[in-house]
Amino acid sequence: MGNKPAVFTHEQLEAYQDNPFRQRIAQVFSEDGDGHMTLNNFLDMFSVMSEMAPRDLKAYYAFKIYDFNDDDYICAWDLEQTVTKLTRGELSAEEVSLVCEKVLDEADADHDGRLSLDDFQHVILRAPDFLSTFHIRI
């Protein structure tokens, strides 16, 4: 038992622990949304986060991760949470608000003040680095 290779390297574990969305990822992939994952939930997460997962599947789960209030839309509040986590709180409230406004201006195709899954997927199609960044290497 002691000679088995590690499933994760130290660097991989540190990268996950440093991920500002780690708690939200666990919530999205857990069955009841509490962040407590079963082995099957964990395997589902790694399947979606694998480099081989289809773009549409990755986009769907990225959308769910960024939809903090779980209303099936990414609204200004969800965007504020996302930008704050991505920038680790280094932007002022005004800067966060400006970024969120720009995102909605660019991505909100039906101009309803929030992003639907379709709006989000349309943006992802124009983001060539999405597939290379939305994964966990094992």
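Leaving aside neighbours within four places in sequence, Thr82 is in contact with Phe21, Tyr66 and Phe68, a contact being defined as heavy atoms within 4.5 Å. Thr82 is found in helix 5, residues 76–86, and is buried, with a relative accessible area of 7%; here buried means under 20% relative accessible area, exposed over 50%, and partly exposed in between, with a 1.4 Å probe and protein chains only.

The structure is a predicted model, in which local features need pLDDT of at least 70 and side-chain atom pairs count only at pLDDT 80 or more, whereas totals for chains, interfaces and linings use all residues. Residues are numbered from 1 along each chain as its sequence is written, and side-chain values use heavy atoms, with hydrogens and water left out. The mean pLDDT, the predictor's confidence in each residue on a scale from 0 to 100, is 87 for the protein, and 86% of the residues reach 70 or more. Over residues 1–6, pLDDT stays under 50, and the model has zero contacts beyond four places in sequence for this segment. Where pLDDT is low, the predicted coordinates should not be read in detail.

The protein contains eight helices and zero strands, assigned as DSSP runs numbered from the N terminus (H or I of at least four residues for helices, E of at least two for strands). Of the 138 residues, 30% count as buried, and residues 24 or more positions apart account for 52% of the contacts with a separation of 6 or more. An unreviewed UniProt entry lists residues 95–130 as "domain: EF-hand", an annotation that may be inferred rather than shown by experiment. Over residues 95–130 the chain is 64% helix and 0% strand, with the end C-alpha atoms 23 Å apart.

Three salt bridges are present, each requiring a side-chain nitrogen of Lys or Arg within 4 Å of a carboxyl oxygen of Asp or Glu. In one of them, Asp70 pairs with Arg24, the closest N and O atoms being 2.7 Å apart. Asp70 lies in the loop between helix 4 (55–66) and helix 5, and Arg24 in helix 2 (residues 22–29), so the pair ties together parts that are 46 residues apart in sequence. Asp70 is exposed, at 52% relative accessible area, whereas Arg24 is buried, at 6%. Asp72, partly exposed at 46%, forms a salt bridge with Lys64 with a closest N and O separation of 3.1 Å. For Asp112 and Arg114, the corresponding distance is 3.3 Å; Asp112 is partly exposed at 35%, and Arg114 is partly exposed at 31%.
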